Amino acid sequence: MRDIAVFSGTAHPDLAAEICAHLGVPLHPVRVSRFANDCLEVQLQANCRERDVFLIQPLVPPVQEHLVELLLMIDAARGASAGRITVVLPHYAYARSDKKDAPRISIGARLVADLLTSAGADRVLAMTLHSPQVHGFFSVPVDHLHALRELADHFRRYDLGNTVVVSPDLGNAKQAAAFARMLGTPVAAGAKQRFSDDKVTISAVIGDVAARDVIVLDDEIAKGSTMIELMDHLRDLKVRSIRLACTHGLFSAGALSRLSEQPGVLEVVCTNTVPIPQEKRVPKLKVLSVAPALAEAVRRIHNGESVSALFG
């Protein structure tokens, strides 16, 4: 893979290094500096001319800082005559801003997609976007991966004979149903209404969960308010045990500790699409790596092979 050049921003260099280890290519250095007026400057410190350039940067807190850094990396690669620029977005934070559900509200998912393509991105590789329509906000090809296979491999080690997969809301029910098929279990869903970023109400759980071992699946967990509300209902319905699973473990505002201390919770499982500092981790947390899947997708993109075949 001589013509490939992989760079990482400062958001998650450990994941980028793991991806490069699976590819067998070096992770090239990037110099990020700050002027006295607080503006950023980025320099890619390896040759990009006519090369297939991959820029790895999840949009994690501080999101705006990492977004501008990514835009500058794209611009630097374009200015260095890169043959093709692929942005690897393990987590696209603005994907949650995907609809006009209030007057005079911005749709950040589309705007940030436009910014990435205007900066010079030729292709995007993303992992578990918040909703399918976000894929269509990009005017360049998007390869959309999911982490259901990694999560399913983890849960298959348990006895699933009395297990049901639960989606916190109907919007995620399709993903939960696909996950349940992979595990060979039934599926249920919560009827959720969101009032604000951290205030949700679940009026009912649709499906049979009584006396069952439950795996709650969501795309991301931030403050954990949805999970806590759902678990109150699940305990009222007398479930036997609860395991929580998501792709993006953001765990803001002490969410990881609050979730792990909830009665009946045996495990919290996420992937390493976003960095989780060691000081935030708890004994019940299990972090799965998506680096092999991202590395294989990068290899297939570089070689012009099918990426969708990964999910066949």
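At what angle do helix α2 and helix α3 pack, and how far apart are their axes? This report takes up that pair and other features of a predicted model.

## Helices α2 and α3

The angle is about 25 degrees, and the axes lie 8 Å apart. Helix α2 covers residues 63-79, and helix α3 covers residues 108-119. Angles under 35 degrees count as roughly parallel, so α2 is roughly parallel to α3.

On the α2 side, the contact uses Leu-67, Leu-70, Leu-71, Ile-74, Asp-75 and Arg-78. On the α3 side, Val-112, Leu-115, Leu-116, Ser-118 and Ala-119 meet them. Sorted by class, this contact has eight nonpolar, one polar and two charged residues.

## The annotated N-terminal span

UniProt lists residues 5-120 as "domain: Ribose-phosphate pyrophosphokinase N-terminal", in an unreviewed entry. In the model, this span is 34% helix and 23% strand.

## Backbone details

Two loops carry backbone features to check on screen. One is the loop between β5 (52-56) and α2, where Pro-62 lies. The peptide bond from Pro-61 to Pro-62 is cis, with omega near -5 degrees.

The other is the loop between β4 and β5, which holds Glu-50. Glu-50 has phi near 60 degrees. That is a positive value in a residue other than glycine.

## Salt bridges

How many salt bridges does a search of the whole structure find? The count is 15. The side chains of Arg-31 and Glu-41 also meet in a salt bridge, at 3.3 Å from N to O. Arg-31 sits in strand β3 (residues 30-34), and Glu-41 sits in strand β4 (residues 40-44). The two residues are ten apart, and the pair links distant parts of the chain.

## Helices α1 and α8

Helix α1 (residues 13-23) packs with helix α8 (residues 291-303) at an angle of about 60 degrees. Their axes are 8 Å apart. The two helices are therefore oblique to each other. The crossing of α1 and α8 is right-handed.

From α1, the contact takes in Leu-15, Glu-18, Ile-19, His-22 and Leu-23. From α8, it takes in Ala-291, Pro-292, Leu-294, Ala-295, Val-298 and Arg-299. By class, the α1 contact with α8 has eight nonpolar, one polar and two charged residues.

## Helices α4 and α5

Where do the residues of helix α4 and helix α5 fall in the chain? Helix α4 spans residues 148-155, and helix α5 spans residues 173-183. Their axes come within 10 Å and cross at roughly 45 degrees. That angle makes α4 oblique to α5. Is this crossing left-handed or right-handed? The crossing of α4 and α5 is right-handed.

Helix α4 contributes Leu-148, Arg-149, Leu-151, Ala-152 and Phe-155 to the contact. Helix α5 contributes Gln-175, Ala-178, Phe-179, Met-182 and Leu-183. By class, the contact of α4 with α5 has eight nonpolar, one polar and one charged residues.

Terms used
Residues numbered from 1 in each chain as written. Predicted model: local features only at pLDDT ≥ 70, side-chain atom pairs only at ≥ 80, totals over all residues. Heavy atoms only, no water. Axes fitted to C-alpha atoms, helices over the stretch in contact; angles between N-to-C directions. Helix = DSSP H or I, 4+ residues; strand = E, 2+ residues; numbered from the N terminus. Parallel < 35°, antiparallel > 145°, perpendicular 65-115°, else oblique. Left-handed = near helix turned anticlockwise from the far one by under 90°. Contact = heavy atoms within 4.5 Å. Nonpolar A, V, L, I, M, F, W, Y, C, P; charged D, E, K, R; others polar. UniProt positions renumbered as here; feature names shortened; annotations may be inferred. Salt bridge = Lys/Arg side-chain N within 4 Å of Asp/Glu carboxyl O.
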